[in-house]
Amino acid sequence: MEKEGIVYIVSAPSGAGKTSLCNELIDILPDLRHSVSYTTRSPRPGERDGVDYFFVSKNRFDEMVRAGEFAEWAEVHGNHYATALRTLEENRSRGISLILDIDCQGARQLKSSCGDAVFIFILPPDFSELRRRLEGRNSDSSAVIEARLKVAMSEMKESSWYDYVIVNDVFSDALEKLKSIVIAEQCRTSRLTRTVE
């Protein structure tokens with residue numbers, strides 16, 4: 001069966017659990033791959049270049065922007081993040097579905113250029129739990145946490161234009177909902193036109 005890969009875009013405020021959900025989903029669904037983003041931020045402990053992110057200098061990032069190499073890019077918390085256009089095009093044409101773990105700015109850019117993508121927003125159960133999760137990371141100063149919480153308020157308002165919203169209260173339940181969305185989208189009639197023919 002000839003098919004084109006599906007792009008799943010997952011956004012959430014920092015600390016809502018989107019990266020953990022995406023990573024777990026990829027372990028469950030072997031036909032789904034993670035799209036590795038480019039970033040100018042420094043690697044966190046345990047992160048590997050080319051696996052978690054492609055870590056590049058600000059100068060290199062700017063060169064790639066000027067060359068039109070990104071499908072989307074944004075500045076988040078003082079660092080730059082982007083998705084390579086080539087990554088999306090090559091995988092989709094080979095029938096490989098990708099999951100992109102990106103912020104609202106990047107998702108908005110892709111909404112106009114990648115209209116058949118599936119947009120999913122992850123919400124924390126409440127604001128106090130979001131604060132607890134951010135503090136529990138022990139990786140950011142209190143000033144950084146406050147900045148992330150302020151951004152989270154505006155990001156959560158963005159959820160209204162996404163196709164799906166999942167509240168990550170109980171991780172296993174949120175994961176099951178995310179998995180169900182991916183499986184249902186694979187069965188959407190408009191995606192199976194060639195198969196039906």
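**Figure 1. Lys-18 and Asp-101, a buried pair.** In this predicted model, both Lys-18 and Asp-101 are buried (under 20% relative accessible area; exposed is over 50% and partly exposed lies in between, with a 1.4 Å probe and protein chains only). Lys-18 forms a salt bridge with Asp-101, with 3.3 Å between the closest N and O atoms (a salt bridge is a side-chain nitrogen of Lys or Arg within 4 Å of a carboxyl oxygen of Asp or Glu). The pair links distant parts of the chain, 83 residues apart: Lys-18 belongs to helix 1 (residues 18-28) and Asp-101 to strand 7. Helices (H or I, at least four residues) and strands (E, at least two) are DSSP runs numbered from the N terminus. Local features need pLDDT of at least 70 and side-chain atom pairs count only at pLDDT 80 or more, while totals for chains, interfaces and linings use all residues. Residues are numbered from 1 along each chain as its sequence is written, and side-chain values use heavy atoms, with hydrogens and water left out.

**Figure 2. Glu-155, a buried charge without a salt bridge.** Glu-155 lies in helix 6. Glu-155 is buried yet has no salt bridge, and Lys-18, the nearest side chain of opposite charge, is 7.2 Å away (Lys and Arg count as positive, Asp and Glu as negative; His and the chain ends are not counted). Leaving aside neighbours within four places in sequence, Glu-155 is in contact with Ala-12, Pro-13, Ser-14, Asp-103, Cys-104 and Phe-121 (contact means heavy atoms within 4.5 Å).

Figure 3. Arg-60 is partly exposed at 36% relative accessibility, and Glu-63 is partly exposed at 41%. Glu-90 forms a salt bridge with Arg-86, with closest N and O atoms 3.8 Å apart; the two are four residues apart in helix 3 (residues 85-93), so about one helical turn separates them. Glu-90 is partly exposed at 40%, whereas Arg-86 is exposed at 56%.

**Figure 4. The largest nonpolar core.** Among the 23 residues of this core, Ile-9, Leu-100, Leu-110 and Phe-119 touch the most other members (a nonpolar core is a set of buried Ala, Val, Leu, Ile, Met, Phe, Trp, Tyr and Cys residues joined through side-chain atoms within 4.5 Å). Elements giving two or more residues to this core include strand 1 (7-11), helix 4 (104-113) and helix 6 (142-158). Helix 6 gives the most, with four residues. Another core, of 21 residues, lies apart from this one and includes Ala-16, Leu-25, Leu-29 and Ile-99.

Figure 5. Five strands form an open sheet in the order 2-7-1-8-9, with parallel pairing (two strands pair if DSSP finds at least two bridges between them). Strand 2 (32-34) and strand 9 (164-167) are the edge strands, each pairing on one side only. Three bridges join strand 2 to strand 7, and Arg-33 stands opposite Leu-98 in strand 7. Helix 1 lies across strands 1, 2, 7 and 8, at about 165 degrees to strand 7. Helix 7 (residues 171-186) lies across strands 1, 8 and 9, at about 160 degrees to strand 9. Axes are lines fitted to C-alpha atoms, for helices over the stretch in contact, and angles run from 0 to 180 degrees between N-to-C directions.
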